[in-house]
Amino acid sequence: MTHTIEEVRALYHRPLMDLVYDAATVHRANHDHYEMQMCTLLSIKTGGCTEDCGYCSQSVHNEAELEKEILLKTEKVLEEARKAKEAGSTRFCMGAAWPRVLEGRAFDRVCDMVKGVSDMGMESCVTLGMLTENQARRLKEAGLKAYNHNLDTSEEFYGKIITTRSYQDRLDTLENVAKAGISACCGGILGMGESEEDRISLLHTLCNLNPQPESVPINMLVPVKGTPLENVPPLDIFEWIRAIAVARILMPKSMVRLSAGRLEISKEAQALAFFAGANAIFTGEKLLTTSNPEKDFDYALLDALGMKPRAPFKDDSAERKSGGCCKPGGCGCQKEAA
Ligand code: SAM
Ligand code: DTB
Ligand code: SF4
């Protein structure tokens, strides 16, 4: 189903309480709202990236303080994946500061990492920059579940943040990922100084991707010192909630993933985001290069809200609530259908 920009704009401008209420209803009709997917991120190659993304600590064009690291050894990565699994994560995402994948020994090693993580019974995800169709196929053969490649912002605002890679380049990579039968993890960053209309445009592009992304990461800008965006004023938290609610309504089946920026967001705001349909988080004290809430904080929050971590490879179609609850479409009561 195609959504027009007018439709997305109208949704975005609804009274927040109505928007959140409707998003929660859509969420409960399509997912188990008690569940939170716990994911862990690992930077497998850090820094020295030739793209000029204005927010990024890893770009050679920026002056962020950073410990660079060449591609990690497979054993080291699998050891980290094992630890993440023991800590309760069911999805392991590996990020490399590469502008694009180049075939050769480094890529062969990443394929080994993907295979190792998948063999462990965890969902594997990588983010390696631009990707050809053939490379996507090789990752699929290695057992890759998802490829993370974000649109980051609206097409209109994009040129203010990145000049070395075009919006179309990103869409082409997403198409290559889809052709290989890999799920796309595709979202953006809020709080980079974009307008409301830019957020609407980003959501409009995301929801009209075909197929819709399996996972939609909503990053809040982490203003890294030494990057051009270090002094951008923080975004009002209700704009973040609004975008999450709109994403949930427009992409009912997707996992809406709270990504960067959670460390600065109150537990109450995160709880409202969960209510509005966010159902995946990154756990562990580090994202790629920036900090994240500690594991204890996340588990305590889930516990306080009566929520629980989700199992890996859970079949979404089997968990649909329609018929499993007293109301058609589901109200979340867990009673038998009448
Ligand atoms: N190099 C690969 C690429 O960009 O395609 C993968 C790694 S990159 C770090 C993954 C995503 O992290 C970016 O697309 C961006 O959305 C997000 N990200 C990076 N730095 C961030 C920051 N400071 N604040 C919020 N999100 C950020
Ligand atoms: C995504 O959208 N967010 C994650 C994941 N995909 C790879 C990365 C967030 C990175 C935040 C900045 C950092 O830690 O360097
Ligand atoms: Fe950072 Fe990825 Fe951009 Fe490179 S391509 S500068 S790693 S966000």
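**Figure 1. Lining of the largest cavity.** Strand β2 contributes four residues to the lining of the largest cavity, the largest share. In this predicted model, local features need pLDDT of at least 70 and side-chain atom pairs count only at pLDDT 80 or more, whereas totals for chains, interfaces and linings use all residues. Residues are numbered from 1 along each chain as its sequence is written, ligands are numbered from 1 in the order in which they are written, and side-chain values use heavy atoms, with hydrogens and water left out. Strands β2 (91-96), β3 (123-127) and β7 (215-220) each supply at least two lining residues (DSSP runs numbered from the N terminus: strands, E, at least two residues; helices, H or I, at least four). The largest cavity holds about 870 Å³ of space. Its lining has 41 residues, and Y55, C56, Q58, N150 and L288 are the closest to its centre. On a 1 Å grid over the protein atoms alone, a cavity is a set of points where a 1.4 Å probe fits but cannot get out; a pocket is an open set with protein on both sides within 12 Å along at least five of seven lines; lining residues have an atom within 4 Å of a point. Grid points are joined across faces, edges and corners, and a volume is the space filled by probe spheres set on the points.

**Figure 2. Surroundings of ligand 3.** Ligand 3 sits in the largest cavity (more than half of its atoms lie within 2 Å of the grid points). Around ligand 3 are C49, E51, C53, Y55, C56, S59, A97 and R165 (a heavy atom within 4 Å). This shell comprises five nonpolar, one polar and two charged residues (Ala, Val, Leu, Ile, Met, Phe, Trp, Tyr, Cys and Pro count as nonpolar; Asp, Glu, Lys and Arg as charged; the others, Gly among them, as polar).

**Figure 3. The second largest cavity.** The volume here is about 40 Å³. L190, R199, L202, L203, L206, I218 and A243 form the lining, to which helix α8 (residues 196-207) gives the most, four residues.

**Figure 4. The largest pocket.** This pocket has a volume of about 630 Å³. Among its 29 lining residues, L41, L42, E80, K286 and L287 are the closest to the centre. The lining divides into 11 nonpolar, eight polar and 10 charged residues.

**Figure 5. Contact of α4 with α5.** F107, D108, C111 and V114 in α4 meet Q135, R138 and L139 in α5 (heavy atoms within 4.5 Å). The contact has four nonpolar, one polar and two charged residues.
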